[in-house]
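Here are my notes on this one, put together for a quick read next to the viewer. Have a look at the model before you start.

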Amino acid sequence: MESITTTCLIDLAFDLSDDWKKLAHVLGLSGEVSRICDDYRRNVFEQAYRMLQTWKGKKGSQATYQVLREALAHEAVLRNDLVQEYCEGRDRSSLDEEIDLEGLKPGVVSSSDLLSIAKDLGLKWVWIGRLLGLEDSLLDGIREDHIQVSDCQYKMLELWRREKTTGATYQCLARALLHRTVCMRDVAEKFCVEN
């Protein structure tokens, strides 16, 4: 059975909305709902994502598309639209889709661009970090170690470049910035496209 990708969980959390609580109960996470609600108040998207990550963390290799399909189709959830979207014919990630930008810069993101890009990320820096493949534990650590959001933004990008080395490219960054959960086309065009 194929294990669920983080990108799939991000996409699903975006579409689940308030139905995440119903799904949590079906997935056996009833005891986690109030903790997640308390920890991530006023952010349904983050709540849904954290619940899905908790499920994946607890179930490990048993957190499969098949299990997710059955839970989404369960009579308590009834999200067959999401079954079709996320569980049937999953052969690629939303990050594998074609980039709709002409003239992307080649190679690894430069140090000077990292600093400039960081200033434009706003509060979406955590989601961008996830889309760039950074673990939540690393992102949470950055948030705990730095008071200023601007410091968090830069440290996330710096960590991404250090962790991914030659994979920390303008193309990879553009994919994350263009993802539907962050919609930062202006930043992608400003920094990832050659002038």
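The points below go through the annotation, the core, a few helix pairs and some individual residues.

1. Ground rules. This is a predicted model, where local features need pLDDT of at least 70, side-chain atom pairs count only at pLDDT 80 or more, and totals for chains, interfaces and linings use all residues. Residues are numbered from 1 along each chain as its sequence is written, and side-chain values use heavy atoms, with hydrogens and water left out.

2. Annotation. The unreviewed UniProt entry lists "domain: Death" for residues 19-72 and 110-177; such annotations may be inferred rather than shown by experiment. Residues 19-72 are 70% helix and 0% strand, with end C-alpha atoms 10 Å apart. For residues 110-177 the figures are 74% helix and 0% strand, and the end C-alpha atoms lie 17 Å apart. Helices here are DSSP runs (H or I, at least four residues), as are strands (E, at least two), numbered from the N terminus.

3. Core. The largest nonpolar core has 64 residues. By that I mean a set of buried Ala, Val, Leu, Ile, Met, Phe, Trp, Tyr and Cys residues joined through side-chain atoms within 4.5 Å. Those with the most contacts inside it are Leu16, Leu23, Met51, Leu72, Met156 and Leu157. Leaving aside neighbours within four places in sequence, Leu72 is in contact (heavy atoms within 4.5 Å) with residues including Leu12, Leu16, Leu23, Val77 and Cys87.

4. A buried arginine. Arg130 sits in helix H8 (residues 125-131). Is Arg130 buried or exposed? Arg130 counts as buried because its relative accessibility is 2%; the cut-offs are under 20% for buried, over 50% for exposed and partly exposed in between (1.4 Å probe, protein chains only). Beyond its neighbours within four places in sequence, Arg130 is in contact with Ile10, Glu46, Tyr49, Arg50, Asp136 and Leu139.

5. H7 and H10. The axes of H7 (residues 111-119) and H10 (residues 149-164) come within 8 Å and cross at roughly 140°, so the two helices are oblique to each other. Axes are lines fitted to C-alpha atoms, for helices over the stretch in contact, with angles from 0 to 180 degrees between N-to-C directions. Angles under 35 degrees count as roughly parallel, over 145 as roughly antiparallel, 65 to 115 as roughly perpendicular and the rest as oblique. Residues that meet here include Leu114 and Ala118 in H7, and Tyr154 and Leu157 in H10.

6. H11 and H12. The axes of H11 (residues 170-178) and H12 (residues 185-192) come within 8 Å and cross at roughly 165°. That makes H11 roughly antiparallel to H12. Tyr170, Leu173, Ala174, Leu177 and Leu178 in H11 meet Arg185, Val187, Ala188, Phe191 and Cys192 in H12.

7. A loop contact. Gly107 lies in the loop between H6 (80-87) and H7, and counts as partly exposed at 40% relative accessibility. The C-alpha atoms of Gly107 and Tyr170 are 6.5 Å apart, although 63 residues separate them along the chain. Leaving aside neighbours within four places in sequence, Gly107 is in contact with Ala168, Thr169 and Tyr170.

8. Backbone to check. Which phi value does Ser17 have? Ser17 has a positive phi of about 55° although it is not a glycine, and lies in the loop between H1 (6-16) and H2 (20-26). Arg42, in the loop between H3 (33-39) and H4, also has a positive phi, near 60°. Ser17 is partly exposed at 38% relative accessible area, while Arg42 is exposed at 84%.
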